[in-house]
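Keep the sequence and the model open side by side.

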Amino acid sequence: MLKDQQGRQIEYLRLSVTDLCNIRCRYCMPVTGVEKTARDDILSFEEITRLVRVLVGLGVKSVRITGGEPLVRKELPRLIHMLHSIEGLEDLCLTTNGILLSEMARPLSEAGLQRVNIHLDTLDPERFRHITRWGNLPQVFAGLRAAQDEGFDPIKLNAVLLKGFNDDEIISLARFAAEQDLVLRFIELMPIGPGRNMKSQYLEAQYVLDQLSEQWTLVPFGKTLGRGPAEYYKVVELDSVVGLIHPVSQPFCDRCNRIRISAEGKFQDCLAYQEPWTLRDLIRTPGLGDDALTEAIAGLLKLKRADHGGFLLPQCTPTRGMYGIGG
Ligand code: SAM
Ligand code: SF4
């Protein structure tokens, strides 16, 4: 089991399989999208599987597939199947915008995917179109239904909290999640990528707590769900659970247990810094065996930085949107 220099145990990998996306959330991706990376520059499924196997040997227990939009990566169920067969990997899950989920839920489940998180900022089709620039909300609802039919459990909904956009939907989103037996989480807007220019729409997660507490009785849930950083509350009258992810107002760097690998194999120890090391060159080094690869990756894990410095450090200027980091 590997600990970094802060004594944090690294056990959670966010694995991006593409930078591309089929929508353009305003805080994440420029309207022009991103340039397609040459196929050879993206990690193959075999390379990804080898990296994950090495990381599981070093203590990683949970892998979340992300992107960009992971469902636009061709043959994704084949990768899920390959990762599912890695011994020691306890939790294999995926984060999606849900647009393609109605057709993909079945093959993903059959390949061994255990859980999905669906990104949904609003219940209003017009607002959804606005924030995603052309997204079609009924497609997300169809994806959600397909995920429920496949029995993924729990299904979590992720909503980025935006002042003047969805701050009047906190109650309706909570009600919707409870009715559908989903775990809703609100995420604070981070000053990353286009989100850097939307600071006026930032709202502290405390605002959600205040709104929910005016309406219902909230009790700290007392345990985590999965290996993420969300803080959970039980909403007594709804018999549901709501989570808050507050990296800006109450950073959780001291208990950060995660690392990230981008679609091109960049290793990222913290989402706030844009100086990733590349695992692609390492894994493609001729003759480099698994022992040497393990040693090199263990060295990188130890370098994980202590904190995100409030996203304010001079070296911390992530101009690339979250699509390139994986969230
Ligand atoms: N496309 C998938 C999705 O939207 O869930 C996976 C990738 S997306 C980059 C992962 C998460 O990052 C989403 O929940 C999204 O809301 C969040 N995200 C993107 N940009 C963000 C920002 N500037 N601040 C906070 N969260 C952001
Ligand atoms: Fe695409 Fe997800 Fe970024 Fe939205 S948040 S643009 S769905 S990658």
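Start at helix α4, residues 125-132, which gives the most to the lining of the largest cavity: three residues. This is a predicted model. The cavity itself has a volume of about 40 Å³. How many cavities of 30 Å³ or more does a search of the whole structure find? It finds one.

The largest cavity is lined by I23, C25, N97, H119, D121, F128, I131 and T132. Sorted by class, that lining has four nonpolar residues, three polar and one charged.

Several of these names return at ligand 2. Around ligand 2 sit C21, I23, C25, C28, G68, N97 and H119. The class count of the ligand 2 shell is four nonpolar, three polar and no charged residues.

Next comes an open space. The second largest pocket holds about 560 Å³. It has 24 lining residues, and K36, R39, I42, R73 and K74 are the closest to its centre. Which helix gives the most to this lining? Helix α1, residues 45-57, does, with three residues. By class, the pocket lining has 13 charged residues, eight nonpolar and three polar.

Helix α2 spans residues 76-84, and its buried residues are L76, P77, L79, I80, M82 and L83. What covers them? The cover includes helices α1 and α3 (101-111). Strands β1 (12-16), β2 (62-66) and β3 (91-96) are also part of it.

Move on to strand β4, residues 115-119, where N117 lies. Is N117 buried or exposed? N117 is buried, because its relative accessible area is 1%, and the cut-off for buried is under 20%. Leaving out residues up to four places away in sequence, N117 touches R64, L94, T95, T96, K156, N158 and R185.

P191 is placed in a loop, between β6 (183-188) and α7 (206-215). Its relative accessible area is 16%, so P191 counts as buried. Now trace P191 back to Y27. The two are 164 residues apart along the chain, yet their C-alpha atoms are separated by 8.7 Å.

Finish with the cysteines. How many disulfides does the structure hold? It holds zero. Why does C253 form none? The closest cysteine sulfur to that of C253 is in C270, 6.2 Å away, so the gap is too far for a bond. A disulfide needs the two sulfur atoms within 2.5 Å.

How values were computed: Residues are numbered from 1 along each chain as its sequence is written. Chains are lettered from A and ligands numbered from 1 in the order in which they are written. This is a predicted model: local features need pLDDT of at least 70, side-chain atom pairs count only at pLDDT 80 or more; totals for chains, interfaces and linings use all residues. Side-chain values use heavy atoms; hydrogens and water are left out. A residue is near a molecule or strand if one of its heavy atoms lies within 4 Å of it. Ala, Val, Leu, Ile, Met, Phe, Trp, Tyr, Cys and Pro count as nonpolar, Asp, Glu, Lys and Arg as charged, and the others, Gly among them, as polar. Helices (H or I, at least four residues) and strands (E, at least two) are DSSP runs, numbered from the N terminus. Buried means under 20% relative accessible area, exposed over 50%, partly exposed in between (1.4 Å probe, protein chains only). Contact means heavy atoms within 4.5 Å. On a 1 Å grid over the protein atoms alone, a cavity is a set of points where a 1.4 Å probe fits but cannot get out, and a pocket is an open set with protein on both sides within 12 Å along at least five of seven lines; lining residues have an atom within 4 Å of a point. Grid points are joined across faces, edges and corners, and a volume is the space filled by probe spheres set on the points.
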